[in-house]
Amino acid sequence: MRLTCEVMPNIHPFLVHFPVALLTTALSFEVLGVLLSRGEFSKAGWWIQMAGTIGIVAAVLSGLSAKSQVFIPLPAAGTFDAHQQLAFVTAGGFAALLLWRLGMRAKIDPGRRFLYLTLFAASLACLWVGAWYGGELVYRFGVGVVSPVP
Ligand code: HEM
């Protein structure tokens, strides 16, 4: 059973899957576009990237709200800090990539593609590791859950 606030439920666990799934799919589309030399894959990747970046904003905002609703035991403090810091780094990385891509009018310059996709992959790796720490908070330390057994 999950602990909830009386005013607003904790929607962080519901929202966090969107950026992970969307941004992983976006990078896959970009890579497929390069491998198959098909521009439409990159176009689709761009739309999915925008949706995923909005998802990160939602995950960060709901995470900040979840922080005030759940009890974080002392042994989980380091994991929580790693989770939170990686979330901020990830959000910064994807915000920068979004602005960069907008500056290129949504089309990645061929000469910058390698750097763009490398930074995308690095940001995605931070997102995965940060989300893994989030899972540790819940499934190892029981943050945000109460035992269903009385
Ligand atoms: C990129 C942004 C973020 C992602 C992808 C993310 C991902 C996750 C994941 C996967 C979980 C485990 C949820 C579950 O399986 O039930 C989790 C839990 C948690 N996260 Fe995040 N998180 C993000 C940002 C943040 C931020 C910025 C904070 C706080 C400042 C935060 C605080 C928490 C807390 C307190 C929990 C445990 C309680 C709960 O499930 O709400 N998260 N997060």
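I sort residues by relative accessible area: buried is under 20%, exposed is over 50%, and partly exposed is in between, with a 1.4 Å probe and protein chains only. By that rule I11 is partly exposed, because its relative accessible area is 33%.

**Ground rules**

I note that this is a predicted model, in which local features need pLDDT of at least 70 and side-chain atom pairs count only at pLDDT 80 or more, while totals for chains, interfaces and linings use all residues. Residues are numbered from 1 along each chain as its sequence is written, and side-chain values use heavy atoms, with hydrogens and water left out.

**Entry: surface patch**

I looked up I11 next and found it in the segment before α1 (12–15). Helices here are DSSP runs of H or I with at least four residues, strands are runs of E with at least two, and both are numbered from the N terminus. I11 belongs to a nonpolar surface patch with M8, F14 and F18, and the four together have about 380 Å² of accessible area. Patch members have over 30% relative accessible area and no salt bridge; nonpolar side chains (Val, Leu, Ile, Met, Phe, Trp, Tyr) are joined within 5 Å, like charges within 9 Å. The areas come from the Shrake-Rupley method with a 1.4 Å probe, and for residues only the protein chains shown count as cover.

**Entry: cores**

I then searched for nonpolar cores, meaning sets of buried Ala, Val, Leu, Ile, Met, Phe, Trp, Tyr and Cys residues joined through side-chain atoms within 4.5 Å. The largest has 15 residues, and those with the most contacts inside it are L23, I56, F94, Y116, F120 and L124. Two or more residues come from each of α2 (17–36), α3 (39–67), α4 (77–103) and α5 (113–139). Helix α5 gives the largest share, 5 residues.

T90 is buried, since its relative accessible area is 2%. With neighbours up to four places away again set aside, T90 is in contact with I56, S123, C126 and L127.

A second, separate core has 5 residues, among them V70, A76, F80 and L137. I picked L137, which is in helix α5 and is buried at a relative accessible area of 7%. Beyond four places in sequence, L137 touches A76, T79, F80, H83, G142 and V143. I also checked L137 against L27: they are 110 residues apart in sequence, and their C-alpha atoms are 27 Å apart in space.

**Entry: salt bridges**

Side chains of opposite charge can pair when their charged atoms come close. I counted a salt bridge where a side-chain nitrogen of Lys or Arg is within 4 Å of a carboxyl oxygen of Asp or Glu. The whole structure has 4 of them.

E30 and R101 meet in one, at 2.8 Å from N to O. E30 lies in helix α2 and R101 in helix α4, so this pair ties together parts that are 71 residues apart in sequence. E30 is buried at 3% relative accessibility, and R101 is buried at 1%.

D109 and R112 form another, with 3.4 Å between the closest N and O atoms. D109 is partly exposed at 30%, as is R112 at 42%.

For R140 and E136, the closest N and O atoms are 2.6 Å apart. R140 is exposed at 57% relative accessibility, whereas E136 is buried at 16%.

**Entry: aromatic rings**

I paired rings of Phe, Tyr and Trp (its six-membered ring) when their centres lie within 6.5 Å; planes under 30 degrees apart count as stacked, over 60 as edge-to-face and the rest as tilted. The count comes to 6 aromatic pairs. Y116 and F120 form a tilted pair, 6.4 Å centre to centre with 55° between the planes. Both lie in helix α5, 4 residues apart, about one turn of the helix. Y116 is buried at 0% relative accessibility, and F120 is buried at 0%.

W132 and Y133 form an edge-to-face pair, 5.4 Å centre to centre with 65° between the planes. Y133 is partly exposed at 26%.

Finally, I noted that F94, W100, Y116 and F120 form one aromatic cluster.

Note on methods. Contact means heavy atoms within 4.5 Å.
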